[in-house]
Amino acid sequence: MEPTSIEDFYREISSAPPSNLSSEIGHFNAFSIQDLLNKGNSKAEMPYNRRNYFKISLISGRNRAEYADKVIDIEKNALLYATPRIPYHWLPMDNNQAGSFCIFTSEFLGRSKSGLVLDDVPIFRPGGYPIFQLSEFESSEIAAIFVKIFHELESSYVYKYDLIRNYVMELIHYGQKLQPVSIQNPAQGAATRITSLFIELLERQFPIESPSQRLTLRAAKDYADRLAIHVNHLNKVLKEITGKTTTEIIKSRIQQEAKILLRQTSWNISEIAYSLGFEEVAHFSNSFRRRASLSPLAFRVNGNI
């Protein structure tokens, strides 16, 4: 799975990249989905892939979103937050597609006075809530923000990108407020910090991008050693915060990645087993079957996720 760069994105829509693409201030641009489709230089479908840029999309129409290992059917209006860390696929289910989207790099928002680090924002974290189905009112509010963005892009105002950063922050905070309260305001304390560090260590190993890439942290003790705590304490903390043991969380995440690789790559089963840290293909097959009630090959053939 080769990550899609911003240059690749502009080639996909048959458009020349703007002159500031490599600027130190980062890159930002916004588009009307309907305009791109009317010009015939873009497909509504977004192929399953990772992208080397952030993307916020307001999409109208019937669609299906495949994000990591989740499949979500959208009936009308949706707001999508895409991060370079997680691949996704957007499949239109009708011909009435409309809306707007913007793309930007972390450097673009890095100049914000808030010092925001995008990977620290819950809405962009792995396992978060990146897709929201919207009411007509919510959709109109988001559309109004995009109208202001398009207006500034066309203006000659010297500080227009500073203003656009504020609008992007408004879009981010809108999604943050749509999330469950438990995600918006996580409990503080040592247990929460340990859990966050554990999840960060776990997610840092994904996605697997080539058969030669291999997981280095697979056992509960591996993570406890990295965090400089006893494995029993790590288990106690994770059980308290998540309701699951360290091993359960690790195995669940490895199973999720196995499904993605089986579904989205042509690697053979032994390559997938090796990349996920299994010494024997049989061990991988048995582990996968226990959790999915299907062998890896049967899962791939059936196309389930």
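Reply: S32 is found in strand 1, residues 28-32, where strands (E, at least two residues) and helices (H or I, at least four) are DSSP runs numbered from the N terminus. The model is predicted, so that local features need pLDDT of at least 70 and side-chain atom pairs count only at pLDDT 80 or more, while totals for chains, interfaces and linings use all residues. Residues are numbered from 1 along each chain as its sequence is written, and side-chain values use heavy atoms, with hydrogens and water left out.

S32 counts as buried because its relative accessibility is 19%; buried means under 20% relative accessible area, exposed over 50% and partly exposed in between, with a 1.4 Å probe and protein chains only. A polar atom of the S32 side chain lies 3.2 Å from the backbone nitrogen of D35. Once neighbours within four places in sequence are left aside, S32 is in contact (heavy atoms within 4.5 Å) with G99, S100 and F150.

Turning to another buried residue, E152 is found in helix 4 and counts as buried because its relative accessibility is 11%. With neighbours within four places again left aside, E152 is in contact with Y157, K160, L163, I164 and Y167. One of these, I164, is 12 residues from E152 along the chain, and their C-alpha atoms are separated by 7.1 Å.

By contrast, Y159, which lies in the loop between helix 4 (136-154) and helix 5 (160-178), counts as exposed because its relative accessibility is 52%.

Notes:
A polar contact is a pair of N or O atoms within 3.5 Å; within protein, one must be able to donate a hydrogen and the other to accept it, and residues adjacent in sequence count only if both atoms are side-chain atoms.
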